[in-house]
Amino acid sequence: MGNPEFQIFNTMTKQKEVFKPKIPGKVSMYVCGVTAYDFSHIGHARVYVAFDVLYRYLQHLGYEVNYVRNFTDVDDKIIRRANELGEDPLSLSSRFSKEFLDDMAALQCLPPTHEPRVSDHMTQIKDMIAQIIHNGCAYVIDGDVYFSVDNFPDYGRLSGRKLEDNRAGGRVAVDSRKKNPADFALWKSAKPGEPSWESPWGPGRPGWHIECSAMSTHYLSPAFDIHGGGMDLIFPHHENEIAQSCAACQESNVSYWMHNGFVTENNEKMSKSLGNFFTIREISKLYHPLALRIFLMGTHYRSPVNHSSEMLEIASERVFYIYQTLHDCEVVLSPFREGNLKDRVTPDTQKCINKFRTDFQTSMADDLHTSEVLTSLLEPLKTINTVLNSLKKQKQQLQQQLLIQSLVALEKEVKFILNILGLLASSSYSELLQQLKDKALGRAGLTEDQVLQQIEERTLARNEKDWGKSDQIRKALSLKGIGLMDVPEGTIWRPCLPNQQ
Ligand SMILES: [Zn+2]
């Protein structure tokens, strides 16, 4: 049996296409990684969460996936930062590569099959440059090697840019030694204070683009299925990759080019110079990483996503609701876990599960519409809460059993889908809820003891029928994102959207 069909948007053809791997049952995928010289920001989180969803979804469809994501550990930015800090460039990038992997683990991104570093692949890079020179598409000047765009007629195919457009753009200082201003470096001759490697053209280091051509070819072969990255990489990075790979090897071919959209900050472009730039680490101090993940998945991967504290509050609320519901379900189900449960469920439950599964398949098969899946997730969660309520009122044993079985089936289905989306918590439900509460306390600037003290004061006020004071306490906490709930056992608290009255 083949793998189920789905469509992805191909930047090369600018349309959605049915995915067909080059080898049935197997997928080869390369995603451009980070230049490791600093902590990764929310834009990085978006790229790697988007492709992690794809990776998990492909595995769910039964594909064996070879997923390669590189580390750029030789680059101008790394060298500059290392010189500022008086640190060895390779040790600096190794340090930030580790930090990146910690961020990825926190965001529940699965480790790719291979995570190659540029500094470990100089042989492959030099071999490819030599091949491009041999094939007449590159030239050497004073120890530098340039790709000659004029000798590659297909240049501009991915981005739709014409060479004339590049000629007009005076963004980069023109190197008069280049045959065409659009020519780009494959090898840069060694400068003082920079790491360098021996090569047939003299000591130096690779240009940025060549590493991805060389490492994708090495780990996946010249022809592979999916190449991904952020939209900002379409030009020049991916355009240059295509030129290099095809100039080196005629068989070079990528079936699908996939690019995710930008992250904006309060609807402005995010950039270091504007100071509206948040690292994953900074955001994770205030919000649970799963909230960040679900926030990113709440928008289709190709659309721009606007980062704001309001959106992260909503995302946190979403995660809390999912896990509070699963936790409530678990509490009720725990005495029955060992029992011999039958598969029979209520007709409403069956209908809900079937619809959820169908909606999931339809949404994901349509270019990974995760935002739709997250919306359709609300229905089974609502059904769990409805069944939990019915169970409280139900006295008849057989009916009770049917409801218990329904809960088991609903919980199983929700967990199954959460797992495919990478949203299934690695800790227990109660641990995760506590983590979310701790983050909410942090944002409110309160300790749990302070909240409990406020609850006590409110209870006293209520006992004295001082409704004004009781209401004031509740509102003041609610403004800070701490919601009070009066239940038969007393008053409890949970995170809420701040300002919610
Ligand atoms: Zn790349």
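Start by selecting Lys465, which counts as exposed at 59% relative accessibility (exposed means over 50% relative accessible area, buried under 20% and partly exposed in between, with a 1.4 Å probe and protein chains only). Lys465 sits in the loop between α16 (448–463) and α17 (467–479); helices (H or I, at least four residues) and strands (E, at least two) are DSSP runs, numbered from the N terminus. Its phi is near 55°, a positive value in a residue other than glycine.

A word on what you are looking at: this is a predicted model, in which local features need pLDDT of at least 70 and side-chain atom pairs count only at pLDDT 80 or more, while totals for chains, interfaces and linings use all residues. Residues are numbered from 1 along each chain as its sequence is written, and side-chain values use heavy atoms, with hydrogens and water left out.

Next, select Gln108, in the loop between α3 (89–106) and α4 (122–134). Here too phi is positive in a residue other than glycine, near 60°. Gln108 is buried, with a relative accessible area of 14%.

Now go to the zinc ion. Which residues coordinate the zinc ion? They are Cys32 (SG), Cys212 (SG) and His237 (NE2), at 2.0 to 2.1 Å. Donors are N, O and S atoms within 2.8 Å of the metal (3.2 Å for Na, K and Ca), and water is not among the atoms, so sites may look incomplete. Cys32 is in the loop between β3 (26–31) and α1 (42–60) and His237 is in helix α7 (residues 234–248), so this pair ties together parts 205 residues apart in sequence. Both Cys32 and His237 are buried.

Stay with α7 and colour the whole helix. Of its 15 residues, 13 are buried, so α7 is largely enclosed by the rest of the structure. Zoom in on Pro236, which is found in helix α7: the peptide bond from Phe235 to Pro236 is cis, with omega near 0°.

Select Glu17 in strand β2 (residues 15–18). What is the nearest side chain of opposite charge to the buried Glu17? That is Lys14, 10 Å away, and Glu17 has no salt bridge (a side-chain nitrogen of Lys or Arg within 4 Å of a carboxyl oxygen of Asp or Glu; Lys and Arg count as positive and Asp and Glu as negative, with His and the chain ends not counted).

For salt bridges themselves, the whole structure holds 26. Show Arg302 and Asp367, whose side chains meet at 2.8 Å, N to O. This pair links distant parts of the chain, 65 residues apart: Arg302 lies in the loop between α9 (289–297) and β13 (305–307), and Asp367 in the loop between α11 (347–365) and α12 (370–376). Arg302 is partly exposed at 27%, whereas Asp367 is buried at 0%.

Then pick Asp486 and Arg458, a salt bridge with its closest N and O atoms 3.0 Å apart. Asp486 lies in strand β14 and Arg458 in helix α16, so the pair ties together parts 28 residues apart in sequence. For a network of salt bridges, select Asp76, Lys188, Glu194 and Arg205 together.

Finish at Glu489, in the loop between β14 (482–487) and β15 (490–495). Glu489 is exposed, at 73% relative accessibility. Draw a distance from its C-alpha atom to that of Ser255, 234 residues apart along the chain: the separation is 60 Å.
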